Amino acid sequence: MSNDSGGTATATAAATAAVDPKRWLALSVIAIAQLMVVLDATVVNIALPSAQEALHISTADRQWIVTAYTLAFGGLLLLGGRIADFFGRRRTFLVGLLGFAGASALGGAAVNAETLYAARGLQGAFGALLAPAALSLITVTFTEAKERAKAFGVFGAISGGGAAIGLISGGLLTQYANWRWTLLVNIPIAIIAFVAALPVVRESKAAGDTRYDIPGAILATAGQVALVYGFTKAATDGWSAGVTVTWLVAAGILLTAFVVWESRAKHPLLPLRVLWDRNRGTSFVVSILVGAGMLGMFLFMTFYLQQTMGYSALKSGFAYLPFSVGIIAAATVAARFLPRVGPRVIMSVGGLLGTAAMIWLTRLDLQSDYVVDILPAFVAMSFGMGLVFVPLSSVALTGVANHDAGVASALVNTTQQVGGSLGTALLNTIFTTAVTGYLTSHAASPLIEAEAAIHGYNVAFTASAVLLGVAALLVILFIRRTPADVNSTSDQEQVPVLVH
């Protein structure tokens with residue numbers, strides 16, 4: 001008996017010693033870094049029209065301000081998780097902070113479009129190091145279940161609330177300072193987080209094989225870039241042009257090579273077994289389609305609000321606030337009802353709401369009213385997306401083996417980023433083609449140019465509705481999870497994080 005007591009005491013002492021006394025300070029530093037990444041996504045969206053005008057960026061090419069970031073971030077996220085695990089999570093976190101600050105400085109000082117695109121790509125690459133390192137640091141820093149839940153709650157609140165803060169701060173910076181400050185503002189935030197992290201964030205590494213799947217990362221990212229560039233060339237040269245076809249064929253070859261390589265690699269970036277489950281594979285496809293449809297909407301609504309309705313950058317930021325509130329509210333509802341009704345019903349309702357919102361936006365014209373014509377679509381879209389995201393993460397992680405949980409978690413976020421990249425490029429091409437066709441068939445005048453833009457928006461919103469409609473149909477046809485399946489999922493599997 002005394003031996004048991006001694007063993008228990010020793011174990012308790014070891015556990016106490018293992019608890020990081022600075023863990024809550026470390027969380028505050030990690031939260032600052034996460035806020036910076038979240039802010040960057042929404043702050044820059046509000047500044048798009050100003051940046052396009054200042055750097056003389058064409059309508060066909062403006063999507064690169066968004067896709068250069070999301071392509072690099074989504075394409076390198078899985079590799080970033082592996083690097084964080086084996087290079088050192090604290091070290092990777094610090095490198096990510098400094099790199100993000102440097103890339104932001106380059107973007108803020110950009111004198112031409114190419115420099116801005118390069119800076120956004122670098123931001124995405126360093127973000128792909130920073131995000132998984134931050135989340136894995138929370139995982140290893142908070143070893144007690146209740147404290148870890150609180151930590152992830154704080155992290156989630158930062159992610160949700162940060163989007164709304166970014167919309168408003170983006171408007172403030174663009175309107176009262178300059179669009180460049182939507183990038184430059186990252187520099188002091190990153191430096192503060194770097195200095196604060198040095199004494200409070202502890203290093204940790206994963207044991208095991210430290211080899212990285214560099215060829216897989218190159219093939220995946222190059223294939224996505226080729227596909228987006230093919231869409232861009234279609235906007236300027238046409239879908240049947242030789243250069244367009246060449247890039248699209250190259251994208252197909254690169255992405256096929258990626259799948260072949262991953263099926264044979266000893267240490268694959270993306271183990272294909274993660275995709276073969278019917279429910280899980282469907283959830284990843286749905287994630288791509290939803291990311292494409294939703295981020296495409298943000299691109300066009302920003303330009304519609306500022307260029308057609310004459311909103312200032314700040315007013316545009318406030319116009320988006322109901323969207324942020326709706327997602328948070330819907331996520332709460334989805335989490336409550338998911339164990340009772342299962343993911344299929346909730347995701348189907350969410351997908352149909354999003355589709356209806358996009359169809360509603362196809363009614364926009366030169367005299368549309370925000371309260372009557374835009375706000376209902378924002379509310380429906382945000383509530384629909386909130387209903388999709390929570391169960392989608394659950395389905396993607398349910399039943400996955402423990403050694404694949406990190407990959408599946410990161411893949412949820414990767415597919416949304418990739419979907420956003422491809423969707424933004426494709427929808428911008430559809431918009432540009434529709435505008436060009438309208439102008440060709442009508443006599444030139446300022447009114448016709450304005451009507452051509454409206455026609456382009458309506459066609460793009462129709463395409464977004466198709467993407468979201470297909471996502472809803474896939475959920476209805478292929479998702480087969482039951483409430484019992486959701487209830488049986490382990491706590492580890494249900495956390496939708498980027499850790500790998």
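Arg91 lies over the face of Phe87, 4.8 Å from the ring centre, a charge counting as over a ring if NZ of Lys or CZ of Arg is within 6 Å of the ring centre and within 35 degrees of the ring normal. The charged end of Arg340 likewise sits over the ring of Phe337, at 5.2 Å from its centre. This is a predicted model, in which local features need pLDDT of at least 70 and side-chain atom pairs count only at pLDDT 80 or more, while totals for chains, interfaces and linings use all residues. Residues are numbered from 1 along each chain as its sequence is written, and side-chain values use heavy atoms, with hydrogens and water left out.

Tyr229 and Trp247 are edge-to-face, because their planes stand at 70° with the ring centres 4.7 Å apart. Tyr229 belongs to helix α9 and Trp247 to helix α10 (residues 242-264), so this pair ties together parts 18 residues apart in sequence; helices here are DSSP runs (H or I, at least four residues), numbered from the N terminus. A cluster of aromatic residues is formed by Phe300, Tyr304, Phe431, Tyr457 and Phe461.

Lys233 is buried at 17% relative accessibility, where buried means under 20% relative accessible area, exposed over 50% and partly exposed in between (1.4 Å probe, protein chains only). Asp237, at 41%, is partly exposed.

The largest nonpolar core has 96 residues, and those with the most contacts inside it are Leu116, Met297, Met301, Met381, Tyr457 and Phe461; such a core is a set of buried Ala, Val, Leu, Ile, Met, Phe, Trp, Tyr and Cys residues joined through side-chain atoms within 4.5 Å. A second, separate core of 31 residues includes Ile30, Met36, Val37 and Ala128. Leaving aside residues up to four places away in sequence, Met381 touches residues including Gly293, Met294, Phe323 and Leu468, contact meaning heavy atoms within 4.5 Å.

Methods: Rings of Phe, Tyr and Trp (its six-membered ring) pair if their centres lie within 6.5 Å; planes under 30 degrees apart count as stacked, over 60 as edge-to-face and the rest as tilted. Helices (H or I, at least four residues) and strands (E, at least two) are DSSP runs, numbered from the N terminus.
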